[in-house]
Amino acid sequence: MPYLSTRGVHLSTHPLMSIQLEYEPRKRLRNGHLMTIYAWGRPRAFPALPEPSERLFEVAPGTRVLGHCHWQPDRRRSPLLLALHGLEGSSRAHYMRGLANKAWRAGFSVILLNQRNCGETEHLAEGLYHSGLTGDADHVIAEVAGDDGVQRVVVAGYSLGGNLALKLAGDHGTKAPPQLRGVCAVSPVMELGECVRALERRQNLVYQWNFVRGLKARMRRKAQCQPGRFPLEPLRQIRTVREFDEVYTAPHFGFRDATDYYHRASAMRVIDRIQVPTLIITAEDDPFVPTDAFRDPRVTGNPNIQLIVTRHGGHCGFLTEARNVDDGYWAESRLIAFATAITR
């Protein structure tokens, strides 16, 4: 049975992980906002990580997504970590490269997958992307299994990517491909409506502004690639993520409205169906991911889910003091330890 703790960290007695670990935030970063902003803005370098190769995956007619791939010499025998980024992120996000660095060192091949239109790939896709679009990751798993002989895959996502990873596993239920050995999610927005509502609080104005700025810029770049396909006039009136989704995302994908989109695209609709080993890490002081959903019996009652709720950590932060070869990015280390255990 998963164990949820609001003090420190407790991993449940999963047959593959029977350890206890304590998370201690870095000094002066016990505030969720400070942790979130510091982790987002802090420069990171990975000199030991080899340069990636680029690979385009044709996930649908007229739609390709770009993966930055770090392959081990023996692709067939090495496990693969497929990493998914958050809203308006890309394969260049610090946590994506941080995961790649740790996974590569642990013997994994790694694919850092850009969502449709992300990472300056607007020209590769005819349409948009949304927070529950799991088919692209599914396609990548099938392709590397068929073309490269990869037999062990772990999908790991941060924020929106965390929702995708969890929804992918839940969508499959008991029929997951044999290559999918497990999924991991850090700060997952797995109940989208609640997260968007939290984003609209006054104290979260800076996050809202940053997301909306990125969404608007992407739509303008998209219009340059496909003139006349998407009207730009509504952008002038859009101030929130909800308004953007109401005008663009929901109608483009056939949802009734933003509320319908958030409900149907959330991993919470299928999280009780997850049948592969799963790790979820989130923090009580995350500025815009409320912890109520993580206490839901559909989560706590699923024996396949390892749930870690820390008191501190912010959104996609979880920095602790660096020690020796450990750079202090605690969630990344926990994720790689879990992925290693379930792919042995």
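1. I would start with a side-chain pair: Glu-191 and Arg-269 are joined by a polar contact of 2.9 Å. The term stands for a pair of N or O atoms within 3.5 Å; within protein, one must be able to donate a hydrogen and the other to accept it, and residues adjacent in sequence count only if both atoms are side-chain atoms. This is a predicted model, in which local features need pLDDT of at least 70 and side-chain atom pairs count only at pLDDT 80 or more, while totals for chains, interfaces and linings use all residues. Numbering runs from 1 along each chain as its sequence is written, and side-chain values use heavy atoms, with hydrogens and water left out.

2. Glu-191 lies in the loop between E6 and H5. Helices (H or I, at least four residues) and strands (E, at least two) are DSSP runs, numbered from the N terminus. Glu-191 counts as buried, at 18% relative accessibility; buried is under 20% relative accessible area, exposed over 50%, and partly exposed in between (1.4 Å probe, protein chains only). Leaving aside residues up to four places away in sequence, Glu-191 touches Ser-266, Met-268, Arg-269 and Ala-293, where contact means heavy atoms within 4.5 Å.

3. Next comes helix H5, residues 192-199, which is mostly covered, with six of its eight residues buried. The buried ones are Leu-192, Gly-193, Cys-195, Val-196, Ala-198 and Leu-199. Their cover includes H4, helix H6 (205-225), helix H7 (241-252) and helix H8 (258-265).

4. How many disulfides does a search of the whole structure find? It finds zero, a disulfide being a pair of cysteine sulfur atoms within 2.5 Å. For Cys-195, the closest cysteine sulfur is in Cys-316, 11 Å away and therefore too far for a bond. Cys-195 is buried at a relative accessible area of 7%, and Cys-316 is buried at 8%.

5. Two backbone angles deserve a look. Most residues other than glycine have a negative phi. Cys-316, however, has a positive phi, near 60 degrees, and sits in the loop between strand E8 (305-310) and helix H10 (330-343). Ser-159 also has a positive phi near 60 degrees. Its place is the loop between strand E5 (153-158) and helix H4 (160-172), and Ser-159 is buried, with a relative accessible area of 8%.

6. Now the sheet: eight strands form an open sheet in the order E1-E2-E4-E3-E5-E6-E7-E8, with mixed pairing. Two strands pair if DSSP finds at least two bridges between them. At the edges are strand E1 (53-60) and E8, each pairing on one side only. From one strand to the next, the twist averages 20 degrees. Strand E7 (residues 278-283) pairs with E8 in the parallel sense over six bridges, and Ala-283 stands opposite Thr-310 in E8.

7. Finally, two helices that pack on this sheet. Helix H2 (residues 94-105) touches strand E2 (63-70), strand E3 (80-84), strand E4 (109-113) and E5, and its direction makes about 170 degrees with that of E4. H10 touches E3, E5, strand E6 (180-186), E7 and E8, and its direction makes about 165 degrees with that of E6. For these angles, axes are lines fitted to C-alpha atoms, for helices over the stretch in contact, and values run from 0 to 180 degrees between N-to-C directions.
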